Amino acid sequence: MCIRDRLISGIVSSKKVQLLAIVSKVPSESQAESHIKRFMRWITHDKVDCSSYYLYYVEQLLANLYNEALPIVLVMDGSEVGRSYRALTLNVVHKRTILS
């Protein structure tokens, strides 16, 4: 399993985006600190463009949720992050559950 797949698997399993929570759900023999360092190197690498890496998963998710009888519902949300930042998210609603 590549770093990207481990990271996504950890995010989905832990339902969190904090590295310590992600690492606790990643199946591996390695130490948690080792995984955190690996994830940090991958995330901060100049050649890693998160939008292109995650686009594949978003496309697969939407393709599997698509049903001609039911529309795909999107919800936009703004949240305060830190002291002076706002995060804007676009989420898919499926069976009354928001898929972030």
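Helices here are DSSP runs of H or I with at least four residues, and strands are runs of E with at least two, numbered from the N terminus. This is a predicted model, in which local features need pLDDT of at least 70 and side-chain atom pairs count only at pLDDT 80 or more, while totals for chains, interfaces and linings use all residues. Residues are numbered from 1 along each chain as its sequence is written, and side-chain values use heavy atoms, with hydrogens and water left out.

K15 lies in the loop between α1 and α2, and its phi is near 60°, a positive value in a residue other than glycine. K15 is exposed (over 50% relative accessible area, with a 1.4 Å probe and protein chains only), at a relative accessible area of 75%.

The axes of α1 and α3, lines fitted to C-alpha atoms over the stretch in contact, with angles from 0 to 180 degrees between N-to-C directions, come within 10 Å and cross at roughly 110°. α1 is therefore roughly perpendicular to α3, a term for angles of 65 to 115 degrees. The residues in contact (heavy atoms within 4.5 Å) are tabulated here.

| Helix | Range | Contact residues |
|---|---|---|
| α1 | residues 3-14 | I3, R4, R6, L7 |
| α3 | residues 32-44 | H35, R38, F39, W42, I43 |

Technical notes: Parallel < 35°, antiparallel > 145°, perpendicular 65-115°, else oblique. Buried < 20%, exposed > 50% of the residue type's maximum accessible area, 1.4 Å probe, protein only.
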